[in-house]
Amino acid sequence: MAIAYMKNIVKRYGTQLALDNVDLDIGNGEILGLLGPNGAGKTTLIYSLAGLIGIDSGEIQLFDKSQKGHMIEIKRQIGLVTQEISIFDDLTARENLEFFGGIYGLKGKALKDRVDETLEFVGLSEYGKRLPTKFSGGMQRRLNIACALVHRPKFLIMDEPTVGIDPQSRNHVLETVRRLNGQGTTILYTTHYIEEIQAISSRVVIMDQGHVIAQGTIDELVEKIKHEEKIKLEVAEPSEILLEKLRNLVGVKQVTQIGRQIQIISRVGSGNLDRALSIAKDAGGVRSVSAEKPTLEDVFLTLTGKQLRDGEEG
Ligand SMILES: Nc1ncnc2c1ncn2[C@@H]1O[C@H](COP(=O)(O)OP(=O)(O)OP(=O)(O)O)[C@@H](O)[C@H]1O
């Protein structure tokens, strides 16, 4: 059963088409990983699903109800963790949660109990009386998540919740997502970190330029490019001429380079491993070579033509 359903969604900002006839179902109880390069339309999709921005056309349903006419009722069952940390610096962690719980109509003992539970859930019980300005980036992110959880939503939408945090806090966030899901919460999770998607998603949707271009389990997506292989070369002298020669080989779909490392996505059985090796030898020498099976990252690269973290640090 789908908990959320989007059909033919179109959203423009002026002349910029941000969502171009998007169809998407989110199944009850799944962790759906949403991947896409910068500007693909992920945040626009999330904001329209959460009812924060209007769409130009199409139909959105949540919990079997159309957004039109039922938004207040729907919003009570959604939690949204935004990319920017949206907490009050001059309120303690506990007061932040009391504020957000209050918005959802919680009060008295019910509110106190829920705040205690939520602080415990994100591992901040000992810090309830502290101001978030004294928190590390990871703790602030956890409080940000807690604020979206205090009313116990059935459906949690998370827009890059781990940006800029240390690995330990990231693991804590991922563990929180798993535990929530184990308790029955459906989660839509966007990130630029493919390893996070691999760690938690039951299904993945890849977007590019306002379109959903692929969806399925990780195995199903990798299956889509089973006719391709990944050749990795470490060359002595990388150059544009060398890259151009590799790109011109028949059957080659992608050539990317980072320093001396060159990665080639090529059709299986095209014989390009030997050809690439010989071209690279002539162009100054090869330090190492390997051929590997494609990964989710290669699916992304093949389908979008872009690295997942174009223009991003780390
Ligand atoms: N408020 C806005 N006004 C005008 N254009 C916008 C606005 N918000 C987004 N866009 C444009 O719409 C397109 C989709 O943007 P969106 O932020 O949804 O992408 P995204 O996949 O979330 O990107 P990122 O990974 O960088 O957050 C982009 O071309 C973006 O420049």
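This is a predicted model: local features need pLDDT of at least 70, side-chain atom pairs count only at pLDDT 80 or more; totals for chains, interfaces and linings use all residues.

Helix α1 gives three residues to the shell around the ligand, the largest share. Which residues surround the ligand? They are Tyr 13, Gln 16, Ala 18, Gly 36, Asn 38, Gly 39, Ala 40, Gly 41, Lys 42, Thr 43 and Thr 44. Two elements, β2 (16–27) and α1 (42–49), each provide two or more residues of that shell.

I turn next to a pair of helices. The axes of α9, residues 240–247, and α10, residues 272–282, come within 10 Å and cross at roughly 160°. Angles over 145 degrees count as roughly antiparallel, and α9 is therefore roughly antiparallel to α10. The crossing of α9 past α10 is right-handed. On the α9 side, the contact is made by Leu 242, Lys 245 and Leu 246, and on the α10 side by Ala 276, Ile 279 and Ala 280. Five residues of this contact are nonpolar, one is charged and none is polar.

Finally, the chain as a whole. The protein chain holds 11 helices and 14 strands, and its C-alpha trace spans about 75 × 45 × 35 Å along the principal axes. Of its 314 residues, 38% are buried. Among contacts with a separation of 6 or more, 69% join residues 24 or more positions apart.

Thank you for your attention.

Terms used. Residues are numbered from 1 along each chain as its sequence is written. Helices (H or I, at least four residues) and strands (E, at least two) are DSSP runs, numbered from the N terminus. A residue is buried if 20 or more other C-beta atoms lie within 10 Å of its own, exposed if 12 or fewer, and partly exposed in between; C-beta atoms are placed from the backbone. Two residues are in contact if their C-beta atoms, placed from the backbone, lie within 7 Å. A residue is near a molecule or strand if its C-beta atom, placed from the backbone, lies within 6 Å of it. Axes are lines fitted to C-alpha atoms, for helices over the stretch in contact, and angles run from 0 to 180 degrees between N-to-C directions. Angles under 35 degrees count as roughly parallel, over 145 as roughly antiparallel, 65 to 115 as roughly perpendicular and the rest as oblique. A crossing is left-handed if the near helix is turned anticlockwise from the far one by less than a right angle, and right-handed if clockwise. Ala, Val, Leu, Ile, Met, Phe, Trp, Tyr, Cys and Pro count as nonpolar, Asp, Glu, Lys and Arg as charged, and the others, Gly among them, as polar.
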